[in-house]
Amino acid sequence: MQITGKYGFVTVNGRTLRFLNQRSREWTHPYEYPPHPGGTLTSSGCGIFSACHAAEVMSGKRVSPELLADFSCREGGRGDDGTNRPKLLAAMQEKGLAASYGFRYDGDGLLNDHEALWKTMQEGGCALCNLRVGHIVTLIAAREQNGERQLLAMDCHSESGDERVRDHVIEVVETSAVVSPITNQRGLVTGYQVNYGLFWVPLSLPRDFNLLHPLNKETEEATC
């Protein structure tokens with residue numbers, strides 16, 4: 001099965017997850033930064049899609065990207081180059097959205113402590129991060145294979161074939177294939193390309209990550 005529209009469904013580790021496909025031009029909902037009007041979820045929404053992916057993994061809830069984008073704009077989470085993750089996540093924590101989506105954010109900014117990342121993932125958490133500068137993805141699972149610690153990236157822009165990422169891809173999830181058109185300078189479709197939205201990478205690749213900690217039972221009861 002191949003994903004061609006706004007979203008598709010991928011089964012991984014026994015769970016069926018909704019994959020939000022940023023490559024789809026149908027994501028026309030505004031996500032604007034006032035000095036540079038015209039932004040949409042297609043052009044600037046990787047942080048929003050990634051947060052939605054994390055919320056579903058950690059709580060089972062499928063979050064509306066449109067509503068979260070509006071929340072981000074209201075709360076200062078929209079920055080000049082996309083989503084300001086620390087501000088968005090801090091607002092989600094403060095307003096109770098984080099708890100309702102199954103995680104806790106400790107306001108730890110953009111980290112590069114891979115041991116802390118591994119520990120969080122082993123405990124059932126997620127992370128938002130960069131695999132390459134300027135694009136946000138979700139880390140949703142961890143494994144150790146052939147003596148190497150690896151993480152499963154859920155990438156709304158399906159950049160498994162990007163020249164800055166592809167040499168680090170260990171394995172792709174075949175059912176996460178995303179088909180998108182190739183256009184020339186006149187906007188005419190000249191062909192199609194296939195990339196993958198879920199793929200395994202080494203622990204050493206992610207950078208500038210925000211850790212999303214799973215709620216323990218006591219915390220869940222306190223927020224009911």
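Helix H3 is followed by Gly-76, whose phi is positive, near 85°. Helices here are DSSP runs of H or I with at least four residues, strands are runs of E with at least two, and both are numbered from the N terminus. The model is predicted: local features need pLDDT of at least 70, side-chain atom pairs count only at pLDDT 80 or more, and totals for chains, interfaces and linings use all residues. Residues are numbered from 1 along each chain as its sequence is written, and side-chain values use heavy atoms, with hydrogens and water left out.

Confidence comes next. pLDDT is the predictor's confidence in each residue, from 0 to 100. Its mean over the protein is 93, and 96% of the residues reach 70 or more. Residues 217–224 stay under 50, and the model has two contacts for them beyond four places in sequence. A contact means heavy atoms within 4.5 Å. Where pLDDT is low, the predicted coordinates should not be read in detail.

Back to H3, which spans residues 65–74. Its buried residues are Pro-65, Leu-68, Ala-69, Phe-71 and Ser-72. Buried means under 20% relative accessible area, exposed means over 50%, and partly exposed lies in between (1.4 Å probe, protein chains only). The arc is that of the directions from the helix axis to the C-beta atoms. On the other side of H3, Leu-67 and Arg-74 are exposed. An α-helix has 3.6 residues a turn, so residues three or four places apart point the same way.

Helix H6 covers residues 114–122, with Leu-117, Trp-118, Thr-120 and Met-121 buried. Down the axis of H6, these buried residues fall within an arc of 165°, so they line one face of the helix. Their cover includes strands E6 (126–132), E7 (135–145), E8 (148–154) and E13 (207–214). After H6 comes Gly-124, with a positive phi near 95°.

Now the sheet. It is open, has seven strands in the order E5-E13-E6-E7-E8-E12-E9, and its pairing is antiparallel. Strands E5 (103–104) and E9 (171–172) stand at the edges, each with a single partner strand, so one side of each is left without a neighbour in the sheet. Two strands pair if DSSP finds at least two bridges between them. E8 and strand E12 (residues 198–202) run antiparallel and are joined by five bridges. There, Leu-152 has Trp-200 in E12 as its bridge partner.

How many residues of E6 are buried? Seven of the seven are, so E6 is largely enclosed by the rest of the structure. Four bridges pair E6 with E13 in the antiparallel sense, and Leu-128 stands opposite Asn-210 in E13. Five bridges join E6 to E7, again antiparallel. Arg-132 has His-135 in E7 as its bridge partner. E6 and E7 form a hairpin with two residues between them, and Gly-134 in the turn has a positive phi of about 95°.

Two polar residues deserve a look. Asn-130 sits in strand E6 and counts as buried at 8% relative accessibility. A polar contact of 3.2 Å joins its side chain to that of Arg-85. Such a contact is a pair of N or O atoms within 3.5 Å; within protein, one must be able to donate a hydrogen and the other to accept it, and residues adjacent in sequence count only if both atoms are side-chain atoms. Beyond four places in sequence, the contacts of Asn-130 include His-135, Ile-136 and Asp-208.

His-135 lies in E7 and is buried at 5% relative accessibility. Its side chain makes a polar contact of 2.6 Å with the side chain of Asp-155. Beyond four places in sequence, His-135 also contacts Gln-22, Cys-46 and Glu-159, among others. The C-alpha atoms of His-135 and Gly-82 are separated by 8.7 Å, though the two are 53 residues apart along the chain.

Last, the cores. A nonpolar core is a set of buried Ala, Val, Leu, Ile, Met, Phe, Trp, Tyr and Cys residues joined through side-chain atoms within 4.5 Å. The largest has 43 residues, of which Met-92, Phe-103, Leu-198 and Leu-212 touch the most other members. Helix H2 (residues 46–59) gives the most to this core, with nine residues. Apart from it lies another core of 17 residues, including Leu-151, Phe-199, Phe-209 and Leu-211.
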